[in-house]
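Please look through the sequence and the model below before reading on. The report that follows takes a few selected places one after another.

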Amino acid sequence: RMFHDDELEESEKFYVGQPRVLLLIYALYNTLVARSEMVCYFVIILNHMISASMITLVLPILIFLWAMLSVPRPSKRFWMTAIVYTEVAIVIKYFFQFGFFPWNKHVDYTKDKPYHPPNIIGIEKKEGYVHYDLVQLLALFFHRSILKCHGLWDEDEKGDSSSNKEDTDDELSLTGGRRDSSASLKSVNLAASVESIHVHFPEQQTAIRRKSSSSISQLSHRSSFSSHRSKRDIFKNINHTTLSLSFLQCKLCAVKSHCGLCCFRTLQVYVPIRQFFYNLIHPDYSAVTDVYVLMFLADTVDFIIIVFGFWAFGKHSAAADITSSLSEDQVPEAFLVMVLIQFGTMVVDRALYLKKTVMGKVIFQVILVFGIHFWMFFILPGVTERKFSQNTVAQLWYFVKCVYFGLSAYQIRCGYPTRVLGNFLTKSYNYVNLFLFQGFRLVPFLTELRAVMDWVWTDTTLSLSSWICVEDIYAHIFILKCWRESEKRYPQPRGQKKKKVVKYGMGGMIIVLLICIVWFPLLFMSLIKSVAGITNKPLDVSITITLGGYQPIFTMSAQQNQLKSLDQNEFNDFLRTYRGNTAALQFLEGYAREDITRADLEGNSNSLWTISPPSRKKMIQGLLDFDADFTVVLSWTIQRSCLSQLLHGHGLRRCAKADLAPVVFYSWHEAWGRGKEVLTLEEVYPYYIKAPSDSLAKPIKQLLTDCKWENITVSLVKNGSEEGAREWWVLNQLGKRQKTPQESLELFIFSDKVSPPSLGFLAGYGIMGLYASVVLVIGKFVREFFSGISHSIMFEELPNVDRILKLCTDIFLVRETGELELEEDLYAKLIFLYRSPETMIKWTREK
């Protein structure tokens, strides 16, 4: 060994021998120490999400625009700013907790008002006002102790001074003639000024080394990079020499005038900020990275949150449902605005990624940070009329957006990659990448939108159709490459039959899938009501009886207490009545006790018979004419709870004139006043009504004796003198199950179960609708997969696709390096290859 220590070896043995739970605790602590700055960021953002005030707004903005953009890590000045600011915020919040302030006298009334000034500022009186601030301060001091333990707390000033000295020596040796001027400018110590602000000049570079991402022509790349760097250094020296001269002039003028002092203080703030972003956009070394995929995933999660939680971004849409709103052709404004903004930011981010412009990304980051924080914490509470801390969906959306801001800052700090080659899912050739890539291509319009955006924001000589042709060839060749790699990993010996595991695994799964698709509508419609169906009881039952199309003689309805469900004993007696009746028992198998409702209707009509004298006279004449038919129409209306569905039905019966004539005759005869005539109408009352899922309620013939309707009695009641008499009809059902002494009607309603609202969009199509809209469409795609294979053998059965895949990647590579003429030549070569089957055979042979 190079080095051996018995104590270290014993310590290692002691550590390995500890319990696993203790080792896990050690690992978690080490992870916490290694990412202590991320813990501070998380606590600061969490504090702002819960407090949502102007006091807590400052530090999150500083995190995304200062700390996360610092290379290689946030400076001591940032952490001291965060610590001091947190301490001051705690003191301010404590001071305004006293009850003598006017806004603290009505806390219960103003605590939920989003635009109440103390709530906006963050000085409102509340319990636990400082808990999260104390946790935030504790996290900051913990990170400060970690930096001090590792000697990184004072590294910034030492690194700046040493690097400043080295850069000074280099520049003095290069510039020669400007030795005195540059030395005198850099000897200006702004720390000795009144404000004691340290100003970092552009020569002060951090000690980190960033990796170069180029992989071709290293010599030419180094020469071009050195020449570019020399030009940039000259520009930076001239630029910052001018700023330094301005500093000296303002500092000299500050002694003479108040205006000069203001100018000097302005430059003290402006120059460090300008220098910070200038060094960020023009780094000497570029450790390029690519986190666009993670940023895209964060934006996608935010997009999903908006779609499923859009009600949280509107005023009166807390109980809204996006599916119901879209089904009614109504687009909520909050949903539309949020979706368009989110989609627009994703498009802009893709354009910046393709153009590889760090300056544009920095500007976009600044606009997004300020814009989203202003909108989420100042505009949204006014729109929703509730505080941000009470909006859980908005808090979740903001947290995911903070993750996006962190990834964007990391992308800016490291720089964009030099080359963007292909899709991120095509980096390896396995089953996971294969299925993910095919799923990516199945998303509607995503592949097309990506291809068009790439063509718009990428320098190329190809037309849009040629670009899409290359993308399609590359995707097809990648899929073939994945299958060929899987064949190499799991080879099939020559002359050996397929294993049963493969045949029954793949073939059996396809058989089951096809059978399920074919019989899906029947199985779905059968199970949707029997297994997941909801009982749909009636809310209102109405009956109307009309004689020959004239004024209705009887109208009555039953609601609430008049609609009763059968108890278990009544249901058993009901089933026992039809014992031996096969048709009735078969019908009753589809209904449970809770599906049957008994409606008790009052026998007296709820409306007077107000027929006009001419109609009455005509009606009498029609009844006395025994050569013509006369009908009795009984109609019923059932209103159910689900979707406020109305079911209608009617029964038509032709009655003998001899049965109806006495009723009408006695109704206007003088002898009517001496008594009340009661007549029996046979087979006019249905008694059992089936309320299906559609809008037509039908009588149930299986439950009627010999399929005959029930008999009812009718009579006309007259009250008052002959001239001002009030008349109404009274009906009574014969053979009721519930024996009642007074006149009444009894009606049994059998309600079919309905599908739950979540599956109503499928159940509404019906069996034939599902076959036409689902099965036939899927069958068309399946048929395309099983037919027409012979026409694509030349492009599908390629033994080795490495050369074609390399040709596609070469097109991407020369495009990124700016060799556009070579891009045209390689594209022409690719097209010729697909036009020549003989050449394709030579190119795809096994090596």
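## A loop with a cis bond

Pro 72 is found in the loop that runs between helix 4 (54-67) and helix 5 (76-95), where helices (H or I, at least four residues) and strands (E, at least two) are DSSP runs, numbered from the N terminus. The peptide bond that joins Val 71 to Pro 72 is cis, with omega at about 0°.

This is a predicted model, in which local features need pLDDT of at least 70 and side-chain atom pairs count only at pLDDT 80 or more, while totals for chains, interfaces and linings use all residues. Residues are numbered from 1 along each chain as its sequence is written, and side-chain values use heavy atoms, with hydrogens and water left out.

## The chain as a whole

The protein chain holds 32 helices and 12 strands. Of its 847 residues, 39% are buried, a word that stands for under 20% relative accessible area, with exposed meaning over 50% and partly exposed the range in between (1.4 Å probe, protein chains only). The accessible surface of the chain comes to about 48900 Å², and 62% of that surface belongs to carbon and sulfur atoms; such areas come from the Shrake-Rupley method with a 1.4 Å probe, and for residues only the protein chains shown count as cover.

Contact means heavy atoms within 4.5 Å. Among the contacts in the protein chain between residues at least 6 apart in sequence, 73% join residues at least 24 apart.

## Helix 16 and helix 17

The axes of helix 16 (residues 358-384) and helix 17 (residues 392-414) come within 11 Å and cross at roughly 165°, the axes being lines fitted to C-alpha atoms, for helices over the stretch in contact, and the angles running from 0 to 180 degrees between N-to-C directions. The two helices, helix 16 and helix 17, are therefore roughly antiparallel to each other, since angles under 35 degrees count as roughly parallel, over 145 as roughly antiparallel, 65 to 115 as roughly perpendicular and the rest as oblique. The crossing of helix 16 past helix 17 is left-handed, which is the term used if the near helix is turned anticlockwise from the far one by less than a right angle, right-handed being the term if clockwise.

Among the residues that meet are Phe 364, Leu 368, Ile 372 and Met 376 in helix 16 and Trp 397, Tyr 398, Tyr 404 and Phe 405 in helix 17. The residues of this contact between helix 16 and helix 17 divide into 16 nonpolar, three polar and two charged, where Ala, Val, Leu, Ile, Met, Phe, Trp, Tyr, Cys and Pro count as nonpolar, Asp, Glu, Lys and Arg as charged, and the others, Gly among them, as polar.

## Helix 20 and its two partners

Helix 20 (residues 464-489) and helix 18 (residues 431-442) have axes that come within 9 Å and cross at roughly 150°, so helix 18 and helix 20 are roughly antiparallel to each other. Their contact includes Tyr 431, Leu 434 and Phe 437 of helix 18, together with Phe 478, Ile 479 and Trp 483 of helix 20. The residues in this contact of helix 18 with helix 20 comprise eight nonpolar, three polar and two charged.

Helix 20 also packs with helix 31 (residues 820-835), at an angle of about 60° and with the axes 11 Å apart, which makes helix 20 oblique to helix 31. In this contact Ser 466, Cys 469, Val 470, Ile 473, His 476 and Ile 477 in helix 20 meet Tyr 827, Leu 830, Ile 831 and Tyr 834 in helix 31, and these residues divide into eight nonpolar, two polar and no charged. The crossing of helix 20 and helix 31 is left-handed, and the crossing of helix 18 and helix 20 is left-handed.

## Two residues with positive phi

Lys 356, in the loop between helix 15 (333-355) and helix 16, has a positive phi of about 60° although it is not a glycine. With a relative accessibility of 25%, Lys 356 counts as partly exposed.

Phe 445 lies in the loop between helix 18 and helix 19 (446-456), and although Phe 445 is not a glycine, its phi is positive, at about 65°. Phe 445 counts as exposed, at 67% relative accessibility.

## Two buried residues

Asp 595 has its place in the loop between helix 24 (582-588) and strand 4 (596-602), and is buried, with a relative accessible area of 2%. Leaving aside neighbours within four places in sequence, Asp 595 is in contact with Thr 535, Ile 749, Phe 750, Ser 751 and Lys 753.

Ser 51 is in helix 3 (residues 36-51) and counts as buried at 12% relative accessibility. The C-alpha atoms of Ser 51 and Gly 122 are separated by 7.2 Å, though the two residues are 71 residues apart along the chain.
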